[in-house]
Amino acid sequence: MTDVIVIGCGAAGLAALRKLHDAGLRVLGLEASNRIGGRVCTVNFGDKAIDIGAAWCHGEKDNKVFELANPLGLLGRPEPDTNWFLLSNGDQVPEENALGILKALDTEIEKADKYGKQSISECIRNAAKTNEALTKDSKLSESFIEWFERNNHLGGQDDPKKGKSLRGLVEHKPCEGEPLLHWKGRGYKSILDILLNRYPDPSKAINVQIELNKEVEHIQWGSTEPGYNIDNPPVQITCTDGTKYAAASCIVTLSVGVLKERHEKLFFPPLPAEKIKTIENLQMCGLDKIYIEFEKPWWPKTPGKFTILWRDEDKALFSGEDAWVSEIFGLWTVDCQPNVLLAWIYGKGAEAMEKQSLENVKTGVQKLFANVLKNFEVSPIKNLIRSQWLSNPLTRGSYAYRSVATEEDGGSAAILSEPLDRGDRFPTICFAGEATSHEQHNAVHGAVESGFREAERLIKNFKMYQNYFYQSFTSQSPSFQIKK
Ligand SMILES: Cc1cc2nc3c(=O)[nH]c(=O)nc-3n(C[C@H](O)[C@H](O)[C@H](O)COP(=O)(O)OP(=O)(O)OC[C@H]3O[C@@H](n4cnc5c(N)ncnc54)[C@H](O)[C@@H]3O)c2cc1C
């Protein structure tokens, strides 16, 4: 029998599997998709690899990803970039005007009360009525505010309670150091190789069993009978293909988006009320990427960023099926990919883009270029690829954030991370994943930290309860293999 089953093999799941395996526990990873990595998804595109999901290691200090990857020489520092602030009619906004507005927005957020129940969006929209730097050209400020909301994934456009809360800025601690470390063209998947110990020497990969295409449908954890044996496993897991597994404990690493949709069917007995409230109140942001390849770069400088500032009259050019195009808020050059640009799209725009065919996305992007980049000599698109994180049933969004509803009604990463037991204090169901990281949610380093945290919790408990269990700490899995 297995000691611990890890559900989901993204960064958090793999981190947990690695630590549990190294401690000598018998572990099994169950992954619904046909690949490991989850929201870390590196694919070949253009000259090298690109990241459809996470791309940068954000910061250095107290960052598990940095600690693991930097000594191996895998991380690169970005060069200083050039920023073009473009109105949606193609006119350029002078840099000093742009920087003045951005500074005013930052100052307003900095001085706002972080312990109230306000959203960040509400804070800057109120400031726009009084702050001189913002009232001076209110139409331009409005375009910047909209850009700021998209660029910082502030949410809450339809329902203010779902907006990102100011309090979240205190709960989330960015790691000091360079915020945009890249993977030198190798992609964020490198962290998966490190966690499985298959980099730099693949022959040293750890012997841990991971089963792909195993979508967990049901987790039964309610038996109150003491002991751990084949007839009375603390956790019984059923997958959509009917396969059943049993273990002493399990670590659930599913995203908040997936938990929102499935927790009722997934857990028996149901989750405690406080956990459910937390899952309902935390929100998932919807952020997508569109990578566009050209024969050669046509933009004046690399690295560079086009910041797109929409005006209502230009949005009107993109109506009906094309409306999503007017939600693209930025175009960035891509590290180690000289011929590629990355277009960012967020929220409702991302949702609508995901429903379009790839051909329609290409047509929409071409229309964007014809209007917003009309003062540049844009060459034809060679190739295009996009992400679809919202419609992906295994993610249902990009990453979690604290909302106004969380501040009003309760819920936090800490509550989400609390384990469940069967009355015997042994953690039967543990929770990891980016959203459970107390101070580093929304990033891969937070996911890795959470996987290590829950593995350590279980290792400690297995040691403490060793004699209570039927078997443990004895054998290793036979060999490292990813079963299809
Ligand atoms: C567009 C985008 C850009 C990002 N950029 C960055 C960045 O630059 N830097 C950064 O640090 N972070 C970034 N992130 C966030 C980062 O990707 C996530 O925080 C992190 O990868 C989450 O890891 P996780 O293990 O918690 O969850 P996941 O990666 O979601 O892993 C959960 C796993 O569970 C699996 N699963 C789901 N349902 C089931 C089921 N029923 N049964 C079994 N398995 C199941 C999923 O397939 C998945 O593999 C970005 C995310 C997105 C989407």
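The axes of helices α3 (residues 95-111) and α4 (residues 120-130) approach within 10 Å and cross at roughly 120°, the axes being lines fitted to C-alpha atoms over the stretch in contact, with angles from 0 to 180 degrees between N-to-C directions. Helices are DSSP runs (H or I, at least four residues) and strands likewise (E, at least two), numbered from the N terminus. This angle makes α3 oblique to α4; angles under 35 degrees count as roughly parallel, over 145 as roughly antiparallel, 65 to 115 as roughly perpendicular and the rest as oblique. L105, E108 and I109 of α3 and I120, C123, I124 and A127 of α4 form the contact (C-beta atoms, placed from the backbone, within 7 Å).

The model is predicted, with local features requiring pLDDT of at least 70 and side-chain atom pairs pLDDT 80 or more, whereas totals for chains, interfaces and linings use all residues. Residues are numbered from 1 along each chain as its sequence is written.

The protein is divided into domain 1 (2-42 + 187-282 + 400-483) and domain 2 (79-177 + 287-388), with bounds from an automatic or database domain assignment. Their C-alpha centres lie 35 Å apart. The contact takes 12 residues from domain 1 and 16 residues from domain 2. On the domain 1 side, helix α14 (residues 404-409) gives the most, with 5 residues.

Both domains give residues to the shell around the ligand, so the ligand lies between them. Of the 40 residues around the ligand, G8, G10, G38, A54 and A443 come nearest (a residue is near if its C-beta atom, placed from the backbone, lies within 6 Å). Elements α1 (11-22), β12 (287-294) and α16 (444-464) each supply at least two shell residues.

How values were computed: Two residues are in contact if their C-beta atoms, placed from the backbone, lie within 7 Å.
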